[in-house]
Amino acid sequence: MPTPNIDRNTYLTDSRFAEFRDKGISYESFSLNQSYYLNQLSQSSIMDLYNKGKAMYEKYTNLYNQSNNLFIQLKNQQAKNKVKYDELLTTFANNNKTGEATSTDKSQAARESGYTTELIRSTNDAEIMASVYLDGRRSAVSMQQRGIAQSVFDS
């Protein structure tokens, strides 16, 4: 594969060369040894991107697993409490002989069953956080793929 010819403007403005500029490597030095510097840059920056993605993947996988487990536990608790809530409403409605539970009955059933708005919110929050961490995991996979597949100097 032929070495691309990097012009002065590209070298001085492209963020991919910041590492060399920060080390004080002038464009003249760079242009005399382009293949050496490009090889050095491609080995370090691509692997850095891959390794960063790999670390992010592990982090977000752990966070996703924790959030997803919490979501599953809360969802199961919510379903169990909903059944108990419905049973209490039926009992209260039958006791009233109207076939309808009053708002007081509904409040009491919610307290006794544990089927509260707080539980519902907590379940929804856990689901949202699991989704956020899953998106973070997808981004990490994308970063790993870019680190492996990208050529630092593709046009």
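A: Let's start with Lys82, which counts as partly exposed because its relative accessibility is 32%; partly exposed lies between buried (under 20% relative accessible area) and exposed (over 50%), with a 1.4 Å probe and protein chains only. Everything here comes from a predicted model, where local features need pLDDT of at least 70, side-chain atom pairs count only at pLDDT 80 or more, and totals for chains, interfaces and linings use all residues. Residues are numbered from 1 along each chain as its sequence is written, and side-chain values use heavy atoms, leaving out hydrogens and water.

Lys82 sits in helix H4, which covers residues 34–96; helices (H or I, at least four residues) and strands (E, at least two) are DSSP runs numbered from the N terminus. Thr116 is 34 residues away from Lys82 along the chain, yet their C-alpha atoms are separated by 9.2 Å.

Helix H4 also holds Ser67. This serine counts as buried because its relative accessibility is 12%. Leaving aside residues up to four places away in sequence, Ser67 touches Ala126, Met129, Ala130 and Tyr133, a contact being heavy atoms within 4.5 Å.

Met129 is partly exposed because its relative accessible area is 34%. Together with Ile128 and Val132, Met129 makes a nonpolar surface patch of about 250 Å². The areas come from the Shrake-Rupley method with a 1.4 Å probe, and for residues only the protein chains shown count as cover.

The largest nonpolar core has ten residues, including Ile6, Phe17, Ile25 and Leu41; a core is a set of buried Ala, Val, Leu, Ile, Met, Phe, Trp, Tyr and Cys residues joined through side-chain atoms within 4.5 Å. Helix H3 (27–32) and H4 each give two or more residues to this core, and H4 brings the largest share, three residues.

Stepping back, the protein chain has six helices and zero strands. Of its 155 residues, 29% count as buried. Among contacts with a separation of 6 or more, 66% are between residues 24 or more positions apart.

Methods:
Patch = residues over 30% accessible without salt bridge, like charges linked within 9 Å, V, L, I, M, F, W, Y side chains within 5 Å. Salt bridge = Lys/Arg side-chain N within 4 Å of Asp/Glu carboxyl O.
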